[in-house]
Amino acid sequence: MSNVSPSGTPMAASPLTRAVLEIDEYASGLGWDRPARLFALVDTARLRAQEPGLASQLGLEAGEAAAAYTPIEQEELPKGKPLDEFLGTIAWPDAVVGCALTVERLMLPPSAEASVPEGLNEAALAKWVARHPDRQEVRMTVAVLRNGAREAAIRLREKDSPNEVLTGADLVPGLAEALAATFEG
């Protein structure tokens with residue numbers, strides 16, 4: 001038994017991890033320097049039963065093995081609106097069991113955090129990080145389910161390979177909290 005799916009995505013222990021890796025693989029195929037992308041996660045079996053035409057359009061033919069969750073990309077995020085403000089405007093229909101977001105950011109290794117100047121506002125801090133010699137470009141894919149489950153995948157631009165993707169539930173807690181809030185209220 002192989003630990004890699006036919007699409008090349010490593011087989012993962014949980015269905016949510018598989019969904020995150022599927023989205024990461026999709027984003028990787030689009031290349032770098034892309035805007036953030038938002039996905040609804042739907043229950044694949046429910047989608048097949050309730051929307052057979054859409055399931056067929058998405059390549060989820062009955063009888064074939066399929067992932068538990070099917071990511072459905074949403075419309076492009078509005079340009080110029082801060083991500084947290086945009087996420088605060090989302091209300092998901094009941095059929096959506098989770099959501100995911102993929103976004104590119106610059107990160108510093110923990111060793112560089114001690115050298116961050118005090119008192120910088122968000123814009124000044126972003127400029128400082130962008131000029132730092134140890135900065136790394138990363139693509140983060142974070143998913144949450146209505147039931148509270150979370151998963152994330154982080155891919156470094158300099159190690160752009162499916163075998164180099166780091167996964168874990170608590171890698172990007174702030175973004176996971178923001179996504180979870182889209183199911184409240």
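Residues are classed here as buried when their relative accessible area is under 20%, as exposed when it is over 50%, and as partly exposed in between (1.4 Å probe, protein chains only). By this criterion leucine 125 is partly exposed, with a relative accessible area of 33%. The structure is a predicted model, in which local features need a pLDDT of at least 70 and side-chain atom pairs count only at pLDDT 80 or more, whereas totals for chains, interfaces and linings use all residues. Residues are numbered from 1 along each chain as its sequence is written, and side-chain values use heavy atoms, with hydrogens and water left out.

The pLDDT, the predictor's confidence in each residue on a scale from 0 to 100, averages 83 over the protein chain, and 89% of the residues score at least 70. Over residues 1–10 the pLDDT stays under 50, and for this segment the model has 14 contacts beyond four places in sequence, a contact being defined by heavy atoms within 4.5 Å.

Leucine 125 lies in helix 6 (residues 122–131), helices (H or I, at least four residues) and strands (E, at least two) being DSSP runs numbered from the N terminus. When residues up to four places away in sequence are not counted, leucine 125 touches Val116 and Leu120.

Beyond four places in sequence, tryptophan 92 is in contact with Leu38, Phe39, Ala40, Gln74, Cys99, Arg146, Thr182 and Phe183.

Side chains of opposite charge can pair when their charged atoms come close. The structure holds 7 salt bridges, each defined as a side-chain nitrogen of Lys or Arg within 4 Å of a carboxyl oxygen of Asp or Glu. One of them joins aspartate 24 and arginine 155, with an N to O distance of 2.5 Å. Because aspartate 24 belongs to helix 1 (residues 15–30) and arginine 155 to strand 5 (residues 150–156), this pair ties together parts that are 131 residues apart in sequence. Aspartate 24 is buried, at a relative accessible area of 1%, and arginine 155 is likewise buried, at 2%. Arginine 155 also forms a salt bridge with aspartate 160, the closest N and O atoms being 2.8 Å apart, and aspartate 160 is partly exposed at 36% relative accessibility. Through shared partners, these salt bridges join Asp24, Arg155 and Asp160 into one network. In the salt bridge between lysine 79 and glutamate 76 (2.7 Å, N to O), by contrast, lysine 79 is exposed at 70% relative accessible area and glutamate 76 is exposed at 53%.

Arginine 139, in strand 4 (residues 136–145), is buried yet has no salt bridge, and the nearest side chain of opposite charge, that of glutamate 104, is 4.1 Å away. The side chain of arginine 139 instead reaches the backbone oxygen of glycine 31 at 3.3 Å. Apart from neighbours within four places in sequence, the residues in contact with arginine 139 include Asp24, Gly31, Trp32, Glu104 and Arg155.

Note on methods
Lys, Arg positive; Asp, Glu negative; His and termini not counted. Polar contact = N/O pair within 3.5 Å; in protein donor to acceptor, adjacent residues only side chain to side chain.
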